[in-house]
Amino acid sequence: MSSLTRGEVTRIADLARLALTDEEVDLFTKQLGDILGYVEQIQGLDTAGVAPTAHVLNRSTERPDEPAATLARAGALDNAPDAAPEAGLFKVPRVL
Amino acid sequence: MHTAATPTVRGLATAIRNGELTAVDACTQALDRIHAEEPHIGAFTAVMHERALDRARRIDAAGITSDTQILRGVPVAIKDNICTSGVPTTAASRILAGFVPPYSATAVARLEAAGAIVIGKANMDEFGMGSSTENSSAGVTKNPWDLSRTPGGSSGGAAAAVAAGMVAAALGSDTGGSIRQPAAFCGLVGLKPTYGRVSRYGLLAFASSLDQIGPLVHTAEDAALLLQALAGHDPHDATSSDEPVPDYVSTIDRGVQGLRIGVPRAFVGDGVDAEVQRSFAGALARWQDAGATVVDIALPHAGHAIPVYYLIATAEASSNLARYDGVRYGHRAALGKGEGLREMYDRTRDEGFGAEVKRRIMLGTYVLSHGYYDAYYLKAQQVRTLLRQDYDQAFAACDVVAMPTTPTPAFRLGEKTSDPLQMYLGDVFTVSANLTGLPAISMPSTPSASGLPIGVQLTGRAFDEPTLLAAARTLQH
């Protein structure tokens, strides 16, 4: 049965941009450890020479590079928590 | 629950076309039933009274404008992860609180072009992650057949709304079984089309190589009507197929004479409730009576489908849900002095996402991360290939693969919420269709002794929805 350490869980949370509480780290350490222990069963399968399937579609999805109608800027800004509509920009806190 | 009095899409569309019923009548009746049932079911996150009635009045005033309006005047519910222009769409998540899409999903636009009336948004597990509709920021939905039980998930609100007779049809989405399992728990027909058959444009993405939109309805014919309106290539969705759309409605009565039904015996034995086994055997017998033959097949890798699914789906989800960052829409965390963009991201997401969503984002992040990618994600993709090969080989000996939809009937609210892994194991029969991209339909078979619905599932060849619909039609007669 796999287990994750608390350190690994905080590292993953950092990558995933999640500010977990200590209680969440404890809970997820246990639950994710259990889940990983379960999914690890596939490592015993023989997959030598088997091509991975990333996608069930096997065709090109290219199209000519021609501009077409798209979402208007005003509509795109309507849901913004903070925006400068006159400049057509979303606003966010500064990077510190 | 489906009685002669329960509205069907066919029944409503015909009555409206013949002038026996107006669109406003149909809409008013649906709103009355919603008003009566909602206090104890909780299927909807939003009901659009005025908007729906307004649209109904305009439909009545315009009259019949074309033959393509096969759903004219029919009220429908839309799962709340499918964008409806001008109407809040939250995926049952706090992180999208207040989000009002500036566009409608292609699936919604096509239903409306066919004359349907969107009457409300249906409750669900947050971002499609769950099998019970208990992971919703909007509260729990109850199974109309037994209010102490779940309607299933993640399309639980959609299933409950149809099962309770509030609407005749609902759109759900299915990534690992989220249309079919609620259909089974609520006594409905639920169809996950072939991957690429229905546009995903406007569906809030969970796992982009697995997600599909599909109908939850009472009858195979209603499923055919909805699929007819939904199916077809969409230039807005690069993964949508240009496979021609057949006439799903006219072929529905072709029966099952000569149909070869494959049953993976080894796979459907263990862990399946005795009543589900009996119901499944009964469905097979009825199809045999109607001229089908049952053959044993093997799906050697099907037992590994759940781990493969939870590795691939969570990896894709961790990428798809990275966009929920407080910048452009939805919730943004309040910041303290000296805090900046990084804190905004981290706290917005911690405040906005529920526990199951966080678990899956973290699992997906882990399996994609350096040092683990090959052992988990790449390996899962290889087993996915083997699973597809299992089905391709099976389809040399049969035309459809039959299994129970779920190992048990609907479980009780709260029964599985403390053990995520137990919840995942219920998806054992549904995830393969998403991993392989094949179409799959759940339909009611004989209920349990206590009257709980049980579903039987058929999986077909790619784009062979007509065979699935004909087999479902046969079982219902």
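In the predicted model, B:S154 occupies the loop of chain B that runs between β3 (117-122) and α5 (156-163). The peptide bond that joins B:S154 to B:G153 is cis, with an omega of about 10 degrees. Most peptide bonds are trans, and most residues other than glycine have a negative phi.

Chain B contains 15 helices and 11 strands. Its radius of gyration is 21 Å, close to the 23 Å that the globule rule gives for 477 residues, so chain B is as compact as a globular protein of that length. Taken along the principal axes, the box filled by the C-alpha atoms of chain B is roughly 70 × 55 × 45 Å. Of the 477 residues in chain B, 65% are buried. When contacts in chain B between residues at least 6 apart in sequence are considered, 76% of them join residues at least 24 apart.

Backbone geometry in the loops of chain B was examined next. B:A91 is found in the loop between β2 (75-79) and α4 (106-113) of chain B. Although B:A91 is not a glycine, its phi is positive, at about 55 degrees. B:A91 has a relative accessibility of 0% and therefore counts as buried. A positive phi, of about 65 degrees, is also present at B:F463, which is not a glycine either. B:F463 belongs to the loop of chain B between β11 (454-460) and α15 (465-475).

Another loop of chain B, between α7 (220-230) and β7 (260-263), contains B:D253. With a relative accessible area of 56%, which is over the 50% cut-off, B:D253 is exposed. In sequence, B:D253 and B:R473 are 220 residues apart, whereas in space the C-alpha to C-alpha distance between them is 7.0 Å.

Chain A has 3 helices and 2 strands. Along the sequence of chain A, these elements follow the pattern α-α-α-β-β. The radius of gyration of chain A is 22 Å, well over the 12 Å that the globule rule gives for 96 residues, so chain A is more spread out than a compact globule. Along its principal axes, the C-alpha trace of chain A spans about 55 × 45 × 20 Å. Buried residues account for 35% of the 96 residues in chain A. Among contacts in chain A that link residues at least 6 apart in sequence, 31% connect residues at least 24 apart. Chain A exposes about 6,300 Å², and 52% of this area is supplied by carbon and sulfur atoms. Chain A carries 9 positive and 15 negative charges, whose mean positions are 6 Å apart.

Within chain A, helix α2 (residues 22-39) includes A:T29. The relative accessible area of A:T29 is 14%, and since this value is under 20%, A:T29 is buried. Once neighbours within four places in sequence are left aside, A:T29 is in contact with A:L4, A:T5, A:R6 and A:V9.

The confidence of the prediction was considered for the complex and for each chain. For the complex, the predictor gives an ipTM of 0.95 and a pTM of 0.97. The average pLDDT of chain B is 96, and 99% of its residues score at least 70. For chain A the average pLDDT is 91, with 98% of the residues scoring at least 70. In chain A, confidence is highest in helix α1 (residues 6-15), at a mean of 97, and lowest in helix α3 (residues 73-77), at a mean of 89.

Technical notes. Residues numbered from 1 in each chain as written. Chains lettered and ligands numbered in written order. Predicted model: local features only at pLDDT ≥ 70, side-chain atom pairs only at ≥ 80, totals over all residues. Heavy atoms only, no water. Helix = DSSP H or I, 4+ residues; strand = E, 2+ residues; numbered from the N terminus. Rg over C-alpha atoms; globule rule 2.2 N^0.38 Å. Buried < 20%, exposed > 50% of the residue type's maximum accessible area, 1.4 Å probe, protein only. Contact = heavy atoms within 4.5 Å. Areas by Shrake-Rupley, 256 points an atom, 1.4 Å probe, with all protein chains shown as cover. Lys, Arg positive; Asp, Glu negative; His and termini not counted. Charge placed at Lys NZ, Arg CZ, Asp CG, Glu CD. pLDDT = per-residue confidence, 0-100.
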